[in-house]
Amino acid sequence: MAWYDLFLQMIVDGLVLGAFYALVALGYTMVFGVIKLLNFAHGDLYMTGAFVGFGALSLVSGVFGAGWPGIFIAMLLSMLAVGCLGVVIERVAYHPMLTAPRLSILITALAVSLVLQNAALTLTGGQYTAFRTDLGFGGFSLGNLFLSWNQIVLVTTAAVLMIALELFVSKTLYGRAMRAVAIDKDMCRMLGINVSAVIAITFFIGSGLAAAAGTMAGAYYGSIWYFMGFLIGLKAFTAAVIGGIGSITGAMLGGLILGLLESFGTHIPFIGSEWKDVFTFTILILVLVLKPTGLLGKSEVERM
Amino acid sequence: MKKFVKLATVAAAVNLITATSAWAAEPIVIGMQAPTTGSEATYGQDMFNAISLAAEEINADGGLLGGRQIELVSGDTACDPQQSVNAASRLASQEVVGVVGGYCSGATQPTLKIYGDADIPFVIVAANSTQLIPANPGNAFMINSTGADQAKTAVDFFAGQDIDKLAIVNQGDAYSQDLADLTRDDWEKAGHTISAFEVVNKGEQDFSALVNSIRNSGAEAVFWTAYYADGGLLIRQLRQRGFQGIIAVGDGSNSPQLFDIAGRAAEGVYAFSNPTADFLPAAKTFISNYETAYDTAPGPYAPLAYDGMQLMAWAINKAGSTDADAIIQALASADGEAWLAGPISFTPQHTLARSNFVVLEGQDGKWIRYQP
């Protein structure tokens, strides 16, 4: 393989990885936007989404098959179910804490994460579950560059979801309300915006996107387990920080950049693949130190 | 039905022979040592079952030293160093001619000195830590392969496939890293090339970058030394991305579950495994006899336990007496003696001279024995 082939291949791989990070990072950044909470349970919603998608696929595969059509239906069902779960979590665990100090709600988020993880651990016995699909290994080659159909479908789906989200936030009434709530909750209340409903919608969408990513990851990689959300949760958080937490476009950009950085990071001479995560989280620290607002974030003055 | 009739005939014949030779000379007492209580009890019981089966067969064939029957006494080590010392002392006080068994390396190690002081030959059938080697006073013989043997098996296998450039991937834990290091050293010593030596972090799902560096390195074969869950993912992604070389996995990955995770990609993948009964052509009769006698399938160490008893019996016959030094000499002289698992010969340190790891191949979602 010539160096430029490897280079192109790394870009393709980085994009696929980045698509997952971006979808999960969106949930982080949207929730942070409206209630200033780092929702550490978000990675576990990704995991829950994978398991719900797995269950849904076994239900619908009889009719739609276990290829992409069946997986899409399972993904939509999983997005719906996990979206509702996200709303319930917000109502039960976060809503009563909104007026409490920020640290309390952060600890609540960690607790929710542990609840989801341990529930999945108990239900699955900690075993890896094989996510069986009919997806083939096919693809096409451009020179030495190899693109599988699955990768193309995956990146396209992620792109469609992100464009839909962007349109929702910029063009619709609720999207406008969401941006308004992110700027000033009290003012929104005075203007008659139902802030609670906007927060609920935000959680629904954020959790739904994580579920979409979880289901697609399960189908693409072929196995799921209760701890799968932990590492990707941290990495999506890193992506959100790189892009500027609170910024939706920033999360997409951050996800793609992180995916590419990881892909290239594995190939740095004399630094083997085992240093990949060290590399990733070093970037997190560097961004936090050098440009805490990220690429697209706005610096925010804490109001007293 | 046919099988039943056959077994019934065998059983009747066994009874007849046992009955006729029962009045012969005084019995030869052999000790068995394994955990039959505690967390490892199933393995220990399994070993006792296999040893008993071997002894029954030997007795049915006329016993040892011209008609003397084997009598077994058992010692439970509970996989605990203190309890194993008690068990070994008790066996020694019963004046056993030899001891067969030894499951947990930690619990086996302190018994070596006891048998050494009492001058009792000891065939260790399952325990395989390399720490047993320096602790051996000279009377013990290990018939299970060690980690170094698996590396040897891997190197032989890859060399047999006309491979030069090998990529090794491990997971950074003591077990998989050890196997990876040993294999790398042996492979380079054999004059071949290691084209990639990589580590993946546990819990990682996306190996695309790793697969790229493996493909880019020109590797003709990939050896995964860690466990099946992540191994399944790696195999899948290697094949998904058009890697067409040989893939082999270590004994942490030879689980049937590898096929669940890797799916079709696991077809044609090779695995190294301890000699469990399913993969030993010689063990067919053993499996059916075991199942008839104990109503359950033989466990992972049953074939080696059976071989251990057979080896001890062979050595006693060869020595021509129950004299300990003569038996030890006979054991050391074993030259390719084979029963269920591979042929047994010993190194000067009394470890197995030739690895008894077997090579398996994935076919139709199952492991089958690979025959080159």
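First, the ground rules. This is a predicted model, where local features need pLDDT of at least 70, side-chain atom pairs count only at pLDDT 80 or more, and totals for chains, interfaces and linings use all residues. Residues are numbered from 1 along each chain as its sequence is written, chains are lettered from A and ligands numbered from 1 in the order in which they are written, and side-chain values use heavy atoms, with hydrogens and water left out.

Start with strand 8 of chain B, residues 221–224. Strands here are DSSP runs of E, at least two residues; helices are runs of H or I, at least four; both are numbered from the N terminus. Is strand 8 buried or exposed on its faces? Both faces are covered. Ala221(B) and Phe223(B) sit on one side, Val222(B) and Trp224(B) on the other, and all are buried. Buried means under 20% relative accessible area, exposed over 50%, partly exposed in between, with a 1.4 Å probe and protein chains only.

Now the partners. Two strands pair if DSSP finds at least two bridges between them. Strand 8 of chain B pairs with strand 6, residues 165–170, in the parallel sense over four bridges. There, Ile168(B) stands opposite Phe223(B). Strand 8 also pairs with strand 9, residues 246–249, again parallel, over four bridges. In strand 9, Ile247(B) is the bridge partner of Val222(B).

Strand 8, helix 9 (residues 228–240) and strand 9 of chain B form a right-handed β-α-β unit. Right-handed means that, with the strands pointing away from the viewer, the path from the first strand over the helix to the second runs clockwise.

Next, cysteines. How many disulfides does the structure hold over all chains? One. The criterion is a pair of cysteine sulfur atoms within 2.5 Å. Cys79(B) is joined to Cys104(B), S to S 1.8 Å. The S-S torsion is about -115 degrees, so this disulfide is left-handed. Cys79(B) lies in the loop between strand 2 and helix 3 of chain B, and Cys104(B) in the loop between strand 3 and helix 4, so the pair ties together parts that are 25 residues apart in sequence. Cys79(B) is partly exposed, at 27% relative accessibility. Cys104(B) is buried, at 12%.

Last, chain A. The unreviewed UniProt entry annotates "transmembrane region" over several spans, including 6–33 and 45–65. UniProt positions follow the numbering used here, feature names are shortened, and annotations may be inferred rather than shown by experiment. Residues 6–33 are 100% helix, with end C-alpha atoms 38 Å apart. Residues 45–65 are 95% helix, with ends 25 Å apart by C-alpha.
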